[in-house]
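Here are a few notes to read alongside the model. Take them one at a time and find each spot on the screen as you go.

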Amino acid sequence: DNAESLLKNADTAMYRAKDSGRSSYRLCTRAMNSRAAERLSVENALRRAVEREELELYYQPLIRLATREIVGMEALLRWNRPGHGIVLPGTFIGIAEETRMILPIGEWVLREACRQAKVWQETQYPSLRIAVNLSPRQFQQTDLRDVVLRALEEAGIAPQSLELEITEGTAMFQTERTIALLTDLRQLGVSIALDDFGTGHSALSYLRQFPVDRVKIDREFIQEIDTSPSNRAIVSAIVAMAHGLGMTVTAEGVETEAQVAFLREQECEEVQGYLFGRPACVR
């Protein structure tokens with residue numbers, strides 16, 4: 001019954017349409033308004049979280065399968081939200097992307113992960129690799145190379161100690177630009193990993209052009225290789241293809257010795273998962 005409410009409701013419906021995959025429409029409902037209020041609450045709290053240092057990094061070990069040694073750590077973002085406990089990225093990363101808060105958050109993650117890598121290299125693991133995920137919007141920022149270089153220089157670690165992970169979907173967006181940017185990053189000396197492999201839509205014609213060092217097989221395929229012949233076939237094919245393209249392979253979500261035995265047979269180089277260690281905060 002007034003312009004302000006009309007625009008607010010239209011905005012709420014628009015976000016729901018976008019969440020549904022775009023190319024669609026939604027009518028505003030009372031339930032939507034409730035979700036919109038919660039979204040606004042998360043957005044406001046997230047802005048304060050950056051200022052109040054509520055964000056934390058958890059680390060999960062990367063294991064060399066042949067020796068079961070820790071060769072790296074993947075940095076995983078968590079939000080220690082007052083009154084809510086530890087909040088996983090799925091709750092807030094989408095909002096951070098839409099509001100562009102992901103850029104300062106992503107830069108903090110890079111700096112903090114590199115700093116922690118330096119600590120581990122000086123105390124326990126001299127050749128440790130630190131893996132950091134890049135969000136789609138981070139990957140699109142024009143000064144990404146400079147952001148990465150600053151993080152390396154501030155921490156005092158070699159570029160070879162850093163691995164940047166992007167998803168298939170991110171890689172396939174504006175593929176020509178992706179190839180140029182990945183090439184630029186690799187010239188710094190950092191390595192590139194293609195995360196959640198097998199769940200996206202990578203065309204092989206592009207995959208062979210991407211300057212990628214490592215493929216990470218999504219946990220979706222690993223979890224059922226004990227019982228699913230099709231999953232075993234897919235994992236075998238991914239490992240063989242990656243090796244044929246000169247890439248190494250990490251399997252995610254490894255939880256049983258049977259999975260380890262199968263992956264060893266396929267000559268998968270690295271694994272990560274609850275069998276070897278859950279994500280943990282070092283504070």
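1. Start with how α4 goes past α6: the crossing is right-handed. Keep in mind that this is a predicted model. To find the pair, look for residues 102-123, which form helix α4, and residues 144-155, which form helix α6.

2. Two packed helices are described by the angle between their axes and the distance between the axes. For α4 and α6 the angle is about 30 degrees, and the axes lie 8 Å apart. Angles under 35 degrees count as roughly parallel, so α4 is roughly parallel to α6.

3. Which residues of α4 and α6 meet? On the α4 side you'll find Glu-107, Leu-110, Arg-111, Cys-114, Arg-115 and Lys-118. Facing them from α6 are Val-147, Val-148, Arg-150, Ala-151, Leu-152, Glu-154 and Ala-155. Sort the residues of this contact by type and you get 7 nonpolar, 6 charged and no polar.

4. Now follow α6 to its contact with helix α8, residues 175-188. Here the axes come within 10 Å and cross at roughly 20 degrees. That makes α6 roughly parallel to α8, and the crossing is again a right-handed one.

5. The largest pocket has a volume of about 1,000 Å³. It is lined by 43 residues, and the closest to its centre are Pro-89, Asn-133, Thr-167, Asp-195 and Asp-196.

6. Which element gives the most to the lining of the largest pocket? That would be strand β2, residues 69-81, with 5 residues. By type, the lining of the largest pocket splits into 17 nonpolar, 15 polar and 11 charged residues.

Notes. Residues numbered from 1 in each chain as written. Predicted model: local features only at pLDDT ≥ 70, side-chain atom pairs only at ≥ 80, totals over all residues. Heavy atoms only, no water. 1 Å grid on protein atoms, 1.4 Å probe; cavity = no way out; pocket = protein on both sides within 12 Å on 5 of 7 lines; lining within 4 Å. Points joined across faces, edges and corners; volume = space filled by probe spheres on them. Helix = DSSP H or I, 4+ residues; strand = E, 2+ residues; numbered from the N terminus. Nonpolar A, V, L, I, M, F, W, Y, C, P; charged D, E, K, R; others polar. Axes fitted to C-alpha atoms, helices over the stretch in contact; angles between N-to-C directions. Parallel < 35°, antiparallel > 145°, perpendicular 65-115°, else oblique. Left-handed = near helix turned anticlockwise from the far one by under 90°. Contact = heavy atoms within 4.5 Å.
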